[in-house]
Amino acid sequence: MRLVALSLLFLPSVGLADTFTFTSKPASVKVYADTAIVSRQLNVELPAGTHDIILPDLPLQLDAETLRLSLVGAQLGATQFRDRAVPPQPSEDSADITAAKAAIEAAEQALLTFDDRVAEARLGASAAQAKIGFLSDLGKNEGLAADIDTLQNLARMIEKETLAAQKTALQSEAAARTLAGGRKDLEQDLKDARAALAALTPPAKKTSQLTVSLNVAEAGKVQLEISYPVYAAWRPAYDVFLTENDLTLRRGGLYLCDWSGYYLRRCS
């Protein structure tokens, strides 16, 4: 773990110490020839006392030695920078994510209900097969009456009931297959619901974390500004518009920047 002390000034506390975690984002960017200075501002209300302010979402590529801090409304104590093994940020589901999770649960429940209906449709087939097996064994019973009329009546009964049971089994299986054909739509609904949630919850980005100790003499507003350099490169760009009688030249600039520290992007 890399821990870099930016300040070693410790101040006596005026009240109880608390730890606060805040997210931040770039507030301004100054672009130079081959670099850019990114500034993040944090404006918060804090009670009196010595507090630790945790900023867990700074760019991973930051160099602690290049960080610059300015403070209004409090006095700066010790600071620590961590770019390895940063604890995950606590998060609460947004309304969209909550709705997406509910859609997944509904789709999963719909599939379970559907499978129950298919299984119920096949119960008739199972019962009919059991009846067919019983009738088959009945004809093999050695204790049957020996007279011809009784045997003929028994044979007709077995034939009639077996045929009816086979028809029932066939109809039940046909009904189950018809039902099963609709499962693909429910599977697609579940797949779409999971894809929607995945789109709302991209993989967590690796970040660095800054912990700042502040001494607040009186409760009130505190402004903390953090600035740091990032890679940036730019070049001039020209658009030329030619008509029959006129030539128009429009000048501009294109540059690659890394304002957030997460990725390089083309800016204009």
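**Exercise 1. A pair of charges**

E108 counts as partly exposed, with a relative accessibility of 32%. Keep in mind that this is a predicted model. Your task: work out which residue E108 forms a salt bridge with, and how far apart the closest N and O atoms are.

*Solution.* 
- Step 1: look for the partner. E108 forms a salt bridge with R194, and the closest N and O atoms are 3.2 Å apart.
- Step 2: R194 has a relative accessible area of 45%, so R194 is partly exposed.

**Exercise 2. An arginine with two partners**

Find how many salt bridges a search of the whole structure turns up, then say which residues are linked with R183 in a network.

*Solution.* 
- Step 1: get the total. The search of the whole structure finds three salt bridges.
- Step 2: take one partner of R183. R183 forms a salt bridge with D115, where the closest N and O atoms are 2.9 Å apart. R183 belongs to helix 3 and D115 to helix 1, so the pair ties together parts 68 residues apart in sequence.
- Step 3: take another partner. R183 also forms a salt bridge with E187, with the closest N and O atoms 2.3 Å apart. R183 and E187 are four residues apart in helix 3, so about one helical turn separates them.
- Step 4: D115, R183 and E187 are linked in a network of salt bridges.
- Step 5: R183 comes out at 26%, D115 at 30% and E187 at 37%, so R183, D115 and E187 each count as partly exposed.

**Exercise 3. A strand under cover**

*Solution.* 
- Step 1: count the buried residues. For the chain as a whole, 29% of the 268 residues count as buried.
- Step 2: look at one pairing. Strand 2 (residues 18–21) runs parallel to strand 5, and four bridges join them. T19 stands opposite D52 of strand 5.
- Step 3: look at another pairing. Strand 5 and strand 8 run antiparallel, with nine bridges between them. The bridge partner of P59 in strand 8 is T207.
- Step 4: zoom in on T207, which is in strand 8 (residues 207–216). T207 has a relative accessible area of 11%, so it is buried. The T207 side chain also reaches the backbone oxygen of P56 at 2.8 Å.

**Exercise 4. A nonpolar patch**

Find out which strand supplies the largest share of the nonpolar patch.

*Solution.* 
- Step 1: list the members. Y238, V240, L242, L247 and L249 make a nonpolar surface patch of about 600 Å².
- Step 2: find the strands. Strand 9 (220–242) and strand 10 (247–257) each supply at least two of the patch residues.
- Step 3: Strand 9 supplies three residues, the largest share.
- Step 4: L242 lies in strand 9. Its relative accessibility is 68%, so L242 counts as exposed.
- Step 5: visit strand 10, where R250 is found. The C-alpha atoms of R250 and D239 are 5.0 Å apart, although the residues are eleven apart along the chain. Beyond four places in sequence, R250 is in contact with A237, Y238, D239 and F241.

**Exercise 5. The whole chain**

State how many helices and strands the chain has, and which pattern they follow along the sequence.

*Solution.* 
- Step 1: count. There are three helices and eleven strands.
- Step 2: read along. The pattern is β-β-β-β-β-β-β-α-α-α-β-β-β-β.
- Step 3: check the reach of the contacts. Among contacts between residues at least 6 apart in sequence, 77% join residues at least 24 apart.
- Step 4: finish with the surface. The chain exposes about 17,700 Å², of which carbon and sulfur atoms supply 55%.

Methods: Residues numbered from 1 in each chain as written. Predicted model: local features only at pLDDT ≥ 70, side-chain atom pairs only at ≥ 80, totals over all residues. Heavy atoms only, no water. Patch = residues over 30% accessible without salt bridge, like charges linked within 9 Å, V, L, I, M, F, W, Y side chains within 5 Å. Areas by Shrake-Rupley, 256 points an atom, 1.4 Å probe, with all protein chains shown as cover. Salt bridge = Lys/Arg side-chain N within 4 Å of Asp/Glu carboxyl O. Buried < 20%, exposed > 50% of the residue type's maximum accessible area, 1.4 Å probe, protein only. Contact = heavy atoms within 4.5 Å. Polar contact = N/O pair within 3.5 Å; in protein donor to acceptor, adjacent residues only side chain to side chain. Pairing = 2+ DSSP bridges.
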